[in-house]
Amino acid sequence: MKTLVIIGAARKNGHTRKMVDLFLETLGGEYEIIDAYRAQNIGPCLDCRYCWRKKECAVKDGMQEIYAKLEEADNVLLASPMYFHSVTGKMKALIDRFQVYWAGHVRGDMPEQPVRKGAILMVGGAPSFPNQFLGGELVLKNLLNDLSTECLGEVCLPNSDRDSLETRPDIAQQVRDLAEKMKAANS
(Lines give C-alpha, C1' and ligand atoms only; values in the text may rest on other atoms or scores of the structure.)
Protein backbone atom coordinates (compact mmCIF):
# COMPACT_ATOMS: atom_id res chain seq x y z
CA MET A 1 0.00 0.00 0.00
CA LYS A 2 1.49 3.32 -1.13
CA THR A 3 0.31 6.69 0.12
CA LEU A 4 1.06 10.05 -1.46
CA VAL A 5 0.92 12.86 1.11
CA ILE A 6 0.63 16.46 -0.02
CA ILE A 7 1.17 18.88 2.84
CA GLY A 8 0.85 22.65 2.61
CA ALA A 9 2.22 23.80 5.97
CA ALA A 10 4.84 26.55 6.31
CA ARG A 11 5.99 25.23 9.69
CA LYS A 12 8.00 22.01 9.27
CA ASN A 13 7.02 20.56 12.64
CA GLY A 14 3.71 22.27 13.35
CA HIS A 15 0.29 20.86 14.09
CA THR A 16 -0.41 19.87 10.48
CA ARG A 17 2.77 17.77 10.28
CA LYS A 18 2.01 16.15 13.64
CA MET A 19 -1.42 15.13 12.37
CA VAL A 20 0.17 13.71 9.21
CA ASP A 21 2.76 11.78 11.25
CA LEU A 22 0.07 10.27 13.51
CA PHE A 23 -2.02 9.32 10.47
CA LEU A 24 0.92 7.62 8.72
CA GLU A 25 2.05 5.86 11.89
CA THR A 26 -1.44 4.37 12.20
CA LEU A 27 -1.86 3.61 8.49
CA GLY A 28 1.47 1.91 7.87
CA GLY A 29 2.76 0.99 4.43
CA GLU A 30 4.96 3.02 2.12
CA TYR A 31 4.50 6.75 1.77
CA GLU A 32 5.93 9.72 -0.05
CA ILE A 33 5.53 13.26 1.30
CA ILE A 34 5.32 16.23 -1.06
CA ASP A 35 5.87 19.40 0.95
CA ALA A 36 4.43 22.35 -0.96
CA TYR A 37 6.67 24.82 0.92
CA ARG A 38 9.86 22.93 0.22
CA ALA A 39 9.18 21.48 -3.23
CA GLN A 40 11.74 22.66 -5.76
CA ASN A 41 11.37 23.49 -9.43
CA ILE A 42 7.58 23.67 -9.61
CA GLY A 43 6.06 26.58 -11.48
CA PRO A 44 2.45 27.73 -11.56
CA CYS A 45 -0.21 26.53 -13.99
CA LEU A 46 -0.07 28.66 -17.15
CA ASP A 47 -3.63 27.83 -18.28
CA CYS A 48 -2.22 26.96 -21.71
CA ARG A 49 -4.81 24.15 -22.00
CA TYR A 50 -2.28 21.71 -23.41
CA CYS A 51 -3.68 19.16 -20.93
CA TRP A 52 -7.09 19.51 -22.57
CA ARG A 53 -5.68 17.47 -25.47
CA LYS A 54 -3.11 15.20 -23.78
CA LYS A 55 -2.89 13.72 -20.29
CA GLU A 56 0.30 15.60 -19.56
CA CYS A 57 1.46 19.08 -18.70
CA ALA A 58 3.29 21.32 -21.17
CA VAL A 59 5.40 22.70 -18.30
CA LYS A 60 8.25 20.25 -17.71
CA ASP A 61 9.44 20.68 -14.15
CA GLY A 62 9.28 18.98 -10.76
CA MET A 63 5.58 18.17 -11.17
CA GLN A 64 6.44 15.34 -13.58
CA GLU A 65 7.83 13.37 -10.63
CA ILE A 66 4.74 14.14 -8.55
CA TYR A 67 2.43 12.97 -11.34
CA ALA A 68 4.36 9.67 -11.46
CA LYS A 69 4.08 9.26 -7.68
CA LEU A 70 0.33 9.89 -7.86
CA GLU A 71 -0.08 7.25 -10.56
CA GLU A 72 1.65 4.71 -8.27
CA ALA A 73 -0.36 5.65 -5.15
CA ASP A 74 -3.16 3.64 -3.62
CA ASN A 75 -4.00 6.52 -1.27
CA VAL A 76 -3.77 10.30 -1.19
CA LEU A 77 -3.59 12.29 2.05
CA LEU A 78 -4.05 16.07 1.78
CA ALA A 79 -3.10 18.23 4.77
CA SER A 80 -3.06 22.00 5.20
CA PRO A 81 -3.53 24.72 7.76
CA MET A 82 -6.19 27.26 6.90
CA TYR A 83 -4.91 30.68 5.84
CA PHE A 84 -7.77 33.12 5.41
CA HIS A 85 -10.36 30.34 5.21
CA SER A 86 -8.66 28.09 2.67
CA VAL A 87 -5.50 26.11 1.97
CA THR A 88 -2.15 27.90 2.00
CA GLY A 89 -0.96 29.71 -1.12
CA LYS A 90 1.91 27.26 -1.74
CA MET A 91 -0.53 24.34 -1.46
CA LYS A 92 -2.94 26.00 -3.87
CA ALA A 93 -0.18 26.64 -6.43
CA LEU A 94 0.70 22.94 -6.30
CA ILE A 95 -2.97 21.94 -6.53
CA ASP A 96 -3.42 24.10 -9.65
CA ARG A 97 -0.83 21.94 -11.42
CA PHE A 98 -3.16 18.93 -11.06
CA GLN A 99 -5.21 20.56 -13.83
CA VAL A 100 -3.99 17.64 -15.95
CA TYR A 101 -6.38 15.38 -14.01
CA TRP A 102 -9.33 17.81 -14.03
CA ALA A 103 -8.92 18.06 -17.80
CA GLY A 104 -9.88 14.38 -17.98
CA HIS A 105 -13.45 15.74 -18.00
CA VAL A 106 -12.63 17.64 -21.19
CA ARG A 107 -10.56 14.88 -22.80
CA GLY A 108 -13.19 12.27 -21.90
CA ASP A 109 -10.74 9.90 -20.22
CA MET A 110 -11.70 10.46 -16.57
CA PRO A 111 -12.15 7.08 -14.85
CA GLU A 112 -15.80 6.34 -14.08
CA GLN A 113 -14.98 5.00 -10.60
CA PRO A 114 -12.40 6.19 -8.06
CA VAL A 115 -9.05 4.45 -8.45
CA ARG A 116 -7.63 5.29 -5.01
CA LYS A 117 -8.66 6.28 -1.47
CA GLY A 118 -8.17 9.71 0.08
CA ALA A 119 -8.36 11.66 3.32
CA ILE A 120 -8.06 15.28 4.43
CA LEU A 121 -6.46 16.87 7.52
CA MET A 122 -6.92 20.58 8.26
CA VAL A 123 -5.75 22.89 11.04
CA GLY A 124 -7.17 26.27 12.04
CA GLY A 125 -5.58 28.62 14.54
CA ALA A 126 -8.79 30.40 15.52
CA PRO A 127 -11.26 29.06 18.07
CA SER A 128 -13.91 26.91 16.41
CA PHE A 129 -16.61 28.76 14.46
CA PRO A 130 -19.22 27.67 11.89
CA ASN A 131 -17.78 26.87 8.46
CA GLN A 132 -14.23 27.43 9.70
CA PHE A 133 -12.90 24.74 7.37
CA LEU A 134 -15.44 25.03 4.53
CA GLY A 135 -13.13 26.81 2.06
CA GLY A 136 -10.39 24.22 2.49
CA GLU A 137 -12.88 21.39 2.41
CA LEU A 138 -14.27 22.54 -0.95
CA VAL A 139 -10.82 22.84 -2.52
CA LEU A 140 -9.47 19.57 -1.16
CA LYS A 141 -12.57 17.42 -1.73
CA ASN A 142 -12.82 18.66 -5.31
CA LEU A 143 -9.13 17.94 -5.82
CA LEU A 144 -9.61 14.36 -4.58
CA ASN A 145 -12.58 13.98 -6.91
CA ASP A 146 -10.55 15.21 -9.89
CA LEU A 147 -7.75 12.81 -8.93
CA SER A 148 -10.31 9.96 -9.12
CA THR A 149 -9.88 9.47 -5.39
CA GLU A 150 -12.67 8.54 -3.00
CA CYS A 151 -12.67 10.83 0.04
CA LEU A 152 -13.02 8.65 3.14
CA GLY A 153 -13.27 11.62 5.49
CA GLU A 154 -11.60 14.59 7.07
CA VAL A 155 -10.33 15.59 10.49
CA CYS A 156 -10.04 19.22 11.57
CA LEU A 157 -8.13 20.70 14.51
CA PRO A 158 -9.53 24.14 15.39
CA ASN A 159 -8.01 26.56 17.92
CA SER A 160 -4.47 25.36 17.23
CA ASP A 161 -3.11 28.65 18.61
CA ARG A 162 -3.95 27.11 21.99
CA ASP A 163 -4.74 23.43 21.36
CA SER A 164 -2.77 20.51 19.95
CA LEU A 165 -3.16 16.77 19.53
CA GLU A 166 -1.89 16.47 23.11
CA THR A 167 -4.61 18.72 24.54
CA ARG A 168 -7.25 17.32 22.18
CA PRO A 169 -7.01 13.52 22.45
CA ASP A 170 -10.43 13.35 20.77
CA ILE A 171 -8.94 14.87 17.60
CA ALA A 172 -5.92 12.54 17.80
CA GLN A 173 -8.33 9.60 17.98
CA GLN A 174 -10.23 10.90 14.95
CA VAL A 175 -6.94 10.98 13.01
CA ARG A 176 -6.18 7.38 14.03
CA ASP A 177 -9.74 6.30 13.18
CA LEU A 178 -9.54 7.86 9.70
CA ALA A 179 -6.20 6.10 9.07
CA GLU A 180 -7.75 2.79 10.19
CA LYS A 181 -10.67 3.40 7.82
CA MET A 182 -8.22 3.90 4.96
CA LYS A 183 -6.30 0.78 5.92
CA ALA A 184 -9.54 -1.26 5.95
CA ALA A 185 -10.62 0.20 2.60
CA ASN A 186 -7.37 -1.06 1.06
CA SER A 187 -7.80 -4.60 2.40
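## A loop residue with positive phi

N41 sits in the loop between strand 2 (30-35) and helix 2; helices (H or I, at least four residues) and strands (E, at least two) are DSSP runs, numbered from the N terminus. This is a predicted model, in which local features need pLDDT of at least 70 and side-chain atom pairs count only at pLDDT 80 or more, while totals for chains, interfaces and linings use all residues. Residues are numbered from 1 along each chain as its sequence is written, and side-chain values use heavy atoms, with hydrogens and water left out.

N41 is not a glycine, yet its phi is positive, at about 60 degrees. With a relative accessibility of 56%, N41 is exposed (over 50%; buried means under 20% relative accessible area and partly exposed lies in between, with a 1.4 Å probe and protein chains only).

S148 is also not a glycine and has a positive phi, of about 55 degrees. S148 lies in the loop between helix 6 and strand 5 (149-157), and at 8% relative accessibility S148 is buried.

## Aromatic pairs

Rings of Phe, Tyr and Trp (its six-membered ring) pair if their centres lie within 6.5 Å; planes under 30 degrees apart count as stacked, over 60 as edge-to-face and the rest as tilted. The count by this rule is four aromatic pairs. One of them joins Y67 and F98 edge-to-face, with 6.1 Å centre to centre and 75 degrees between the planes. Y67 belongs to helix 2 (residues 63-72) and F98 to the loop between helix 3 (89-96) and helix 4 (99-102), so the pair links distant parts of the chain, 31 residues apart.

Y67 is buried, at 8% relative accessible area, and F98 is buried as well, at 3%. Together with Y101, Y67 and F98 make up one aromatic cluster.

## Pockets

On a 1 Å grid over the protein atoms alone, a pocket is an open set of points with protein on both sides within 12 Å along at least five of seven lines, whereas a cavity is a set where a 1.4 Å probe fits but cannot get out; lining residues have an atom within 4 Å of a point. Grid points are joined across faces, edges and corners, and a volume is the space filled by probe spheres set on the points. The largest pocket holds about 210 Å³. Its lining has 14 residues, and R11, P81, Y83, V123 and S160 lie nearest its centre.

The second largest pocket holds about 170 Å³. Its lining includes F98 and Y101. Helix 3, helix 4 and helix 6 (134-146) each give two or more residues to this lining, and helix 6 has the largest share, with four.

## Helix 6

Helix 6 has 13 residues and spans 18 Å from its first C-alpha to its last, close to the 18 Å expected at 1.5 Å a residue (1.5 Å times one less than its number of residues). The buried residues of helix 6 are G136, L140, L143, L144 and D146. Seen down the helix axis, the buried residues fall within an arc of 165 degrees, so they line one face of helix 6; the arc is that of the directions from the axis to the C-beta atoms.

## The cavity

There is one cavity of 30 Å³ or more. The largest cavity holds about 110 Å³. Of the 14 residues that line the largest cavity, C45, C48, C51, C57 and Q99 are the closest to its centre.
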